[in-house]
Amino acid sequence: MSATAHDATETRILARCTELDARLVQAIRGIRLLQTVSWPASAQQRFIDNWRRGQRSLPDVRYQAPDLSQAREELVSIYQQADAGHPVGDYLRRSAESWRIATDLLHAVGTAGVTEHSVRLFGRPGDTLPGSEQTNLDAARHFIGLAGELDQEILASEADYCIPAETLQAELQTQLDAFFRFHKIQVEIDPDLIAKAAAGPTRIRLRSATCFSEYDRHQLVEHEAFVHSLTGLNGREQPNLKSLGRSSPRVTATQEGLAVFAELISGSIDIERMKRISLRIVAIDMALCGANFIEVFQYFLDTGQTESDSFSSTQRVFRGVPVSGGAAFTKDNVYLHGLLTVHTFFRWALKHRRLNLSRALFAGKMTLHDVIALEPYFESGYIAQPLYLPPWAQRANGLAGMLAFSLFANHIRIGNVGVDDLVLGV
């Protein structure tokens with residue numbers, strides 16, 4: 001095939017991909033995965049009030065399964081029509097299949113059947129980590145153990161400082177208005193929010209009547225604003241693949257891993273944050289092994305969490321599934337797996353002199369596989385470079401320096417280092 005004929009064929013295929021992508025965005029408009037499985041804020045207060053009165057009864061949460069039959073049919077059609085042998089076509093097939101599994105999950109909402117679909121989307125605690133024989137559960141237990149050893153030493157030296165939700169709202173709004181020059185992200189206080197915070201492309205919600213620490217403030221900026229909101233806005237600005245502005249379930253591990261990596265590289269994460277992430281993975285494993293809501297709630301209490309935080313953590317595990325045990329919503333399994341995978345990806349990119357991929361990763365909501373497979377389309381302009389980059393990603397030299405140090409430091413086995421080896425001079 002001549003170069004001219006090849007270019008004409010490629011142009012035709014990409015035009016078809018753009019058309020299918022527009023259909024994909026339209027098809028998924030009514031799919032509200034997290035919203036459908038989320039619990040009302042009233043469930044928390046009711047449970048805690050009963051708990052304090054000694055009434056240890058399981059929460060009663062009802063769900064309304066949406067009718068997504070038409071969306072599912074369209075997703076199957078897009079999957080079948082996209083060209084599996086073309087990188088963009090393969091991206092569309094993977095995305096359509098991910099959303100189709102989400103429709104199956106929502107069709108089963110309120111039943112133990114949710115678990116199977118959740119595991120397909122987010123994995124399970126026993127899954128092995130990339131390049132390792134260790135599992136997510138092994139990693140979680142490592143961080144929990146380390147945090148337990150450091151808790152007394154570190155927490156005793158931390159200042160007891162509380163930022164009210166209203167104060168944090170004003171501070172974040174000022175900071176985000178200055179950063180997102182071409183878009184408006186509204187910071188709101190939500191009395192119905194169980195989690196401390198939640199983010200979308202144009203809105204960040206904070207739980208009302210909540211005390212936020214200085215670490216919370218920095219984590220919200222780096223994690224929610226400079227990753228979740230930022231990639232959503234960049235995706236919306238794409239000229240052809242508008243689906244890059246939507247949070248397909250298949251991108252969750254990369255998105256959350258990238259967001260936690262952002263906390264790590266910006267110095268915004270603390271050991272207690274790592275402990276909270278890890279505790280949720282252990283809790284998912286407990287639920288899958290038969291623990292009910294009360295048993296998991298008690299587990300969080302025993303680790304030192306407040307009643308409010310313990311309920312919030314436990315309901316994350318039981319979203320969309322029966323609270324009697326043996327089932328779980330496994331989304332929180334992706335945080336450590338995603339962090340370690342993203343960290344490995346950045347080190348790989350440095351080693352192979354492809355740090356440009358680290359910038360492309362912010363052009364929308366995509367997986368690590370996507371950013372590598374679609375690299376030629378960033379170069380051609382079919383996929384636009386990101387409009388916004390987090391401050392730490394803008395400083396390429398600093399990122400490269402940290403990654404270079406990480407690459408070398410991994411060769412040092414800490415078990416072989418003695419105290420005498422750490423003493424400098426004579």
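A residue counts as buried when its relative accessible area is under 20%. I keep that cut-off at hand throughout, and I remember that this is a predicted model.

**Entry 1: T115**

I started with T115, which sits in helix 6, residues 114-122. Its relative accessible area is 10%, so T115 is buried. What does T115 touch, leaving aside its neighbours within four places in sequence? I found L288, V321, A327 and A328 in contact with T115. I also checked G326. T115 and G326 are 211 residues apart along the chain. Their C-alpha atoms are separated by 9.0 Å.

**Entry 2: D216**

Next I looked up D216. I found D216 in helix 9, which covers residues 214-236. Is D216 buried or exposed? The relative accessibility is 11%, so D216 counts as buried. I then listed its contacts, leaving aside neighbours within four places in sequence. They are K196, C211 and R276.

**Entry 3: H142**

H142 belongs to helix 7, residues 136-155. I read a relative accessible area of 47% for H142, so this residue is partly exposed.

Two packed helices are described by the angle between their axes and the distance between the axes. I took helix 11 (residues 271-288) and helix 14 (residues 334-351). Their axes come within 8 Å and cross at roughly 120°. Helix 11 and helix 14 are therefore oblique to each other. Which residues meet here? From helix 11, I noted M274, I277, S278 and I281. From helix 14, I noted Y335, L336 and L339. I sorted the residues of this contact by type: 6 are nonpolar, 1 is polar and none is charged.

**Entry 4: aromatic pairs**

A pair of aromatic rings is described by the distance of the centres and the angle of the planes. How many aromatic pairs does the structure hold? I noted 24.

One of them is F182 with Y388. The ring centres are 6.5 Å apart, the planes stand at 40°, and the pair is tilted. F182 lies in the loop between helix 8 (165-179) and strand 2 (186-190). Y388 lies in the loop between helix 17 (375-380) and helix 18 (391-394). I then checked how accessible each partner is. F182 has 53% relative accessibility and counts as exposed. Y388 has 4% and is buried.

I moved on to F293 and F318. Their ring centres are 5.7 Å apart and their planes are at 55°, so this pair is tilted. F293 is in helix 12, residues 293-302. F318 is in the loop between helix 13 (307-317) and helix 14. The two are 25 residues apart, and the pair links distant parts of the chain. F293 is buried, at 0% relative accessible area. F318 is buried, also at 0%.

**Entry 5: charges over rings**

W51 came up again here. R56 lies over the face of W51, 3.7 Å from the ring centre. I noted a second case at Y79. The charged end of R93 sits over the ring of Y79, 3.9 Å from its centre.

**Entry 6: positive phi**

Most residues other than glycine have a negative phi. I looked for residues with a positive value and noted two.

A209 has a phi near 50°, a positive value in a residue other than glycine. I placed A209 in the loop between strand 4 (203-207) and strand 5 (211-212). With a relative accessible area of 82%, A209 is exposed.

R353 has a phi near 55°, a positive value in a residue other than glycine. Where is R353? I found R353 in the loop between helix 14 and helix 15 (356-360). At 76% relative accessibility, R353 counts as exposed.

Definitions and conventions
Residues numbered from 1 in each chain as written. Predicted model: local features only at pLDDT ≥ 70, side-chain atom pairs only at ≥ 80, totals over all residues. Heavy atoms only, no water. Helix = DSSP H or I, 4+ residues; strand = E, 2+ residues; numbered from the N terminus. Buried < 20%, exposed > 50% of the residue type's maximum accessible area, 1.4 Å probe, protein only. Axes fitted to C-alpha atoms, helices over the stretch in contact; angles between N-to-C directions. Parallel < 35°, antiparallel > 145°, perpendicular 65-115°, else oblique. Contact = heavy atoms within 4.5 Å. Nonpolar A, V, L, I, M, F, W, Y, C, P; charged D, E, K, R; others polar. Phe/Tyr/Trp six-rings, centres within 6.5 Å; stacked < 30°, edge-to-face > 60°. Lys NZ or Arg CZ within 6 Å of the ring centre and 35° of its normal.
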